[in-house]
Amino acid sequence: MYREGPAYAKGGVMLSQFVPARHRTDDLFAPGRRPGSEQLMSVMDRINARMGRGTVRIAQEEVASGWEMRRQFLSPAYTTRWDELPEAH
């Protein structure tokens, strides 16, 4: 239904291709699974269920959204960005 007022868009998420781990084919070039990784993930899931989501997380995960890098001391990027190239007048 359409209502006058703020603009909005309808969105959705589709989940597919859920298969048990034993039926999954691993990537040919990916490193093999580490022994004990399934047990480690299980322990992490139990800790997060008991202590709250995000209590224990993998180092690769993104940090909470409230954190930002301070950019006032950021080095110039004129060696990699055309728009930051110095100009001679």
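Which residue forms a salt bridge with Arg81, the closest N and O atoms being 3.6 Å apart? Select Glu84: that's the partner. A salt bridge here is a side-chain nitrogen of Lys or Arg within 4 Å of a carboxyl oxygen of Asp or Glu.

Before moving on, keep in mind that this is a predicted model, where local features need pLDDT of at least 70 and side-chain atom pairs count only at pLDDT 80 or more, while totals for chains, interfaces and linings use all residues. Numbering runs from 1 along each chain as its sequence is written, and side-chain values use heavy atoms, with hydrogens and water left out.

The structure holds 2 salt bridges.

Arg81 is partly exposed at 40%, Asp83 is exposed at 59%, and Glu84 is partly exposed at 35%. Shared partners join Arg81, Asp83 and Glu84 into one salt-bridge network.

Next stop, the largest pocket: select Pro31, Gly32, Arg33, Arg34, Ser37, Leu40 and Met41, which line it. A pocket is an open set of points on a 1 Å grid over the protein atoms alone, where a 1.4 Å probe fits, with protein on both sides within 12 Å along at least five of seven lines; lining residues have an atom within 4 Å of a point. The largest pocket holds about 190 Å³ of space, a volume being the space filled by probe spheres set on the points, which are joined across faces, edges and corners.

Note on methods
Buried means under 20% relative accessible area, exposed over 50%, partly exposed in between (1.4 Å probe, protein chains only).
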